[in-house]
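Here is a short note to read beside the model on your screen. Take the points in order, and find each residue in the structure as you go.

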Amino acid sequence: MMSSPDIASILENSRELDRLRKEQEEVLVEINKLHKRLQSTPEVVEKPGDSSLARLKAMYIQAKDLSEREVTISNLLLSQLDTFLPSGLPGQQRRKMDGNDQKRKRMKSDSDISRLSPSMWSYIEACVSLKDEQVAARVTSDAEKDEWFVVKVINFDEKTKEFEVLDEEPGDDEEGSGQKKYKLPASCIIPFPKRNDPLSTQEFPAGRNVLAVYPGTTALYKATVISTPRKRKSDEYLLEFDDDEEDGALPQRTVPFHKVVPLPDGHRQ
């Protein structure tokens with residue numbers, strides 16, 4: 001039976017898939033508009049300073065990024081659903097097991113791991129590959145707010161589907177001292193983009209709400225994208241963080257692209 005966090009994670013990924021498809025449709029509309037313009041007036045590209053072809057290339061790159069992200073989310077959803085689908089034939093009759101049946105059941109349980117579906121293997125491998133990586137983690141969640149921090153993955157338990165993570169820099173107001181460990185479900189973990197592969201990373205457009213590491217801290221907060229790395233020709237976003245008011249205005253802060261992730265649905269801050 002699925003727990004509430006599991007269901008919430010599946011619903012969140014479903015909404016993200018829907019958002020990606022809508023964004024793809026918007027990009028395709030713009031691509032088609034530019035195609036028609038170039039077909040009717042192809043000589044425009046020869047004019048000095050015309051950026052039609054550069055814009056077309058940028059839109060194709062964006063469409064490709066969105067498609068790859070859609071594949072990633074689709075595979076994750078398949079993996080999550082496979083995890084909770086009951087094994088065995090539908091309507092399979094139960095019967096009392098004798099001694100030999102009990103032995104066979106134990107043998108079957110020992111070999112269950114070899115019968116995992118390819119998509120489930122892919123999901124487990126993706127989780128295991130996060131070992132020793134830094135990720136965003138929701139370590140507390142109550143009726144008032146969610147708290148997200150940068151943590152290091154120590155281990156992924158393939159049986160419980162839980163991550164063991166280490167908060168290497170707990171805040172000054174934490175009880176006790178030293179590093180803190182947590183065991184968290186996958187729904188509380190968001191991997192960061194690969195810092196050495198910016199071209200394959202989804203870029204959040206201006207105006208999009210995101211979750212980002214506040215400069216100089218290991219905490220993540222809701223922010224709004226003001227300008228993108230591609231537009232800035234750098235590897236940093238320009239962001240405005242919620243509740244970051246200074247002298248009656250929200251300052252704009254730069255944050256590396258690999259410290260910015262999608263804002264989870266229902267985020268409370």
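**Notes on loops, cores and a cavity**

1. Lys233 is exposed, with a relative accessible area of 79% (exposed means over 50%, buried under 20%, and partly exposed in between, with a 1.4 Å probe and protein chains only). Lys233 is in the loop between H5 and strand S8 (236-241); helices (H or I, at least four residues) and strands (E, at least two) are DSSP runs, numbered from the N terminus. Lys233 has a positive phi of about 55 degrees, although it is not a glycine.

2. Before you go further, a word on the source: this is a predicted model, where local features need pLDDT of at least 70 and side-chain atom pairs count only at pLDDT 80 or more, while totals for chains, interfaces and linings use all residues. Residues are numbered from 1 along each chain as its sequence is written, and side-chain values use heavy atoms, with hydrogens and water left out.

3. Now look at Asp132, in the loop between helix H4 (118-128) and S1. Asp132 is not a glycine, yet its phi is positive, at about 70 degrees. Most residues other than glycine have a negative phi. Asp132 is exposed, and its relative accessible area is 53%.

4. Is Thr228 buried or exposed? Thr228 is buried, with a relative accessible area of 10%. You will find Thr228 in the loop between strand S7 (219-227) and helix H5 (229-232). Its side chain makes a polar contact with the side chain of Glu203 (3.3 Å). A polar contact is a pair of N or O atoms within 3.5 Å; within protein, one must be able to donate a hydrogen and the other to accept it, and residues adjacent in sequence count only if both atoms are side-chain atoms. Leaving aside neighbours within four places in sequence, Thr228 is in contact (heavy atoms within 4.5 Å) with residues including Phe204, Pro205 and Tyr237.

5. Phe204 sits in the loop between strand S5 (189-191) and strand S6 (209-213). Phe204 is buried, with a relative accessible area of 5%. Not counting residues up to four places away in sequence, Phe204 touches Val210, Val225, Thr228, Tyr237, Val260, Val261 and Pro262. Phe204 and Ser227 are 23 residues apart in sequence and 9.2 Å apart in space, C-alpha to C-alpha.

6. The largest nonpolar core has 16 residues, and Val139, Phe163, Val165, Leu184 and Ile189 have the most contacts inside it. Such a core is a set of buried Ala, Val, Leu, Ile, Met, Phe, Trp, Tyr and Cys residues joined through side-chain atoms within 4.5 Å. Strands S1 (134-141), S2 (146-157), S3 (162-167) and S4 (180-185) each supply at least two residues of this core. The largest share, four residues, comes from S2. A second, separate core of 14 residues includes Val27, Leu34, Leu66 and Ile73.

7. Finally, how many cavities of 30 Å³ or more does a search of the whole structure find? The search finds one. The largest cavity has a volume of about 60 Å³. On a 1 Å grid over the protein atoms alone, a cavity is a set of points where a 1.4 Å probe fits but cannot get out, and lining residues have an atom within 4 Å of a point; points are joined across faces, edges and corners, and a volume is the space filled by probe spheres set on them. Glu23, Gln62, Asp65, Leu66, Gln202, Glu203 and Arg230 line the largest cavity. Helix H2 (residues 52-84) gives the largest share of this lining, three residues.

Technical notes:
On a 1 Å grid over the protein atoms alone, a cavity is a set of points where a 1.4 Å probe fits but cannot get out, and a pocket is an open set with protein on both sides within 12 Å along at least five of seven lines; lining residues have an atom within 4 Å of a point.
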